[in-house]
Amino acid sequence: MTQRTQRQGMDSLARMLILFGLALAAVGGLILFIGKVPFIGKLPGDIYIQRKNFSFYFPLTTSILLSILLTILFSLFRRR
């Protein structure tokens with residue numbers, strides 16, 4: 001392996017790590033923002049069971065709604 005090939009490999013690894021870090025920061029910011037939206041996680045159809053020593057929460061409707069919205073967004077960006 002030549003030094004040039006080795007450097008190109010490191011450059012692509014560095015770009016990939018930077019993109020991963022930016023994506024992780026974007027997801028973190030999105031999680032902070034979603035907590036401030038009042039209806040996210042409290043839609044009809046979200047499952048919440050609370051017992052004496054146990055609680056279970058599964059946002060079924062919220063998950064389906066977010067899946068539909070993300071599918072629409074990704075299909076719009078893919079066409080360009």
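Which backbone nitrogen lies 3.0 Å from a polar atom of the side chain of aspartate 46? In this structure, which is a predicted model, the backbone nitrogen in question belongs to threonine 61. Aspartate 46 itself is found in the loop between helix H1 and strand S1, the strand that covers residues 47-50. With a relative accessible area of 15%, aspartate 46 is buried, because a residue counts as buried when its relative accessible area is under 20%.

The side chain of aspartate 46 also takes part in other contacts, and these can be followed one by one in the model. One of them reaches the backbone nitrogen of leucine 60, at 3.3 Å, and another is a polar contact with the side chain of threonine 62, at 2.9 Å. Threonine 62 is part of helix H2, and its relative accessibility is 5%, so threonine 62 counts as buried.

## The chain as a whole

The protein chain contains 2 helices and 2 strands, and when the chain is read along the sequence these elements follow the pattern α-β-β-α. Helix H1 covers residues 3-34, and helix H2 covers residues 60-79.

How many of the residues count as buried, as a percentage of the 80 residues of the protein chain? The share is 6%, and both aspartate 46 and threonine 62 belong to the buried class. The protein chain exposes about 7,600 Å² of surface, and carbon and sulfur atoms supply 70% of that area.

## The largest pocket

Rolling a probe the size of a water molecule over the atoms shows where empty space is left. The largest pocket found in this model has a volume of about 270 Å³. Its lining consists of Leu30, Phe33, Ile34, Val37, Ile40, Leu66, Leu69, Leu70 and Leu73, and these residues divide into 9 nonpolar, no polar and no charged.

Leucine 65 is partly exposed, with a relative accessible area of 36%.

## An aromatic pair

A pair of aromatic rings is described by the distance of the centres and the angle of the planes. A search of the whole structure finds 1 such pair, and it is formed by tyrosine 48 and tyrosine 57, whose ring centres are 6.1 Å apart and whose planes stand at 65°, so the pair is edge-to-face. The reasoning rests on a cut-off, because planes over 60 degrees apart count as edge-to-face. Tyrosine 57 has a relative accessible area of 38% and is therefore partly exposed, since that class lies between the cut-offs of 20% for buried and 50% for exposed.

Note on methods: Residues are numbered from 1 along each chain as its sequence is written. Side-chain values use heavy atoms; hydrogens and water are left out. On a 1 Å grid over the protein atoms alone, a cavity is a set of points where a 1.4 Å probe fits but cannot get out, and a pocket is an open set with protein on both sides within 12 Å along at least five of seven lines; lining residues have an atom within 4 Å of a point. Grid points are joined across faces, edges and corners, and a volume is the space filled by probe spheres set on the points. Helices (H or I, at least four residues) and strands (E, at least two) are DSSP runs, numbered from the N terminus. Ala, Val, Leu, Ile, Met, Phe, Trp, Tyr, Cys and Pro count as nonpolar, Asp, Glu, Lys and Arg as charged, and the others, Gly among them, as polar. Buried means under 20% relative accessible area, exposed over 50%, partly exposed in between (1.4 Å probe, protein chains only). Accessible areas come from the Shrake-Rupley method with a 1.4 Å probe; for residues, only the protein chains shown count as cover. Rings of Phe, Tyr and Trp (its six-membered ring) pair if their centres lie within 6.5 Å; planes under 30 degrees apart count as stacked, over 60 as edge-to-face and the rest as tilted. A polar contact is a pair of N or O atoms within 3.5 Å; within protein, one must be able to donate a hydrogen and the other to accept it, and residues adjacent in sequence count only if both atoms are side-chain atoms.
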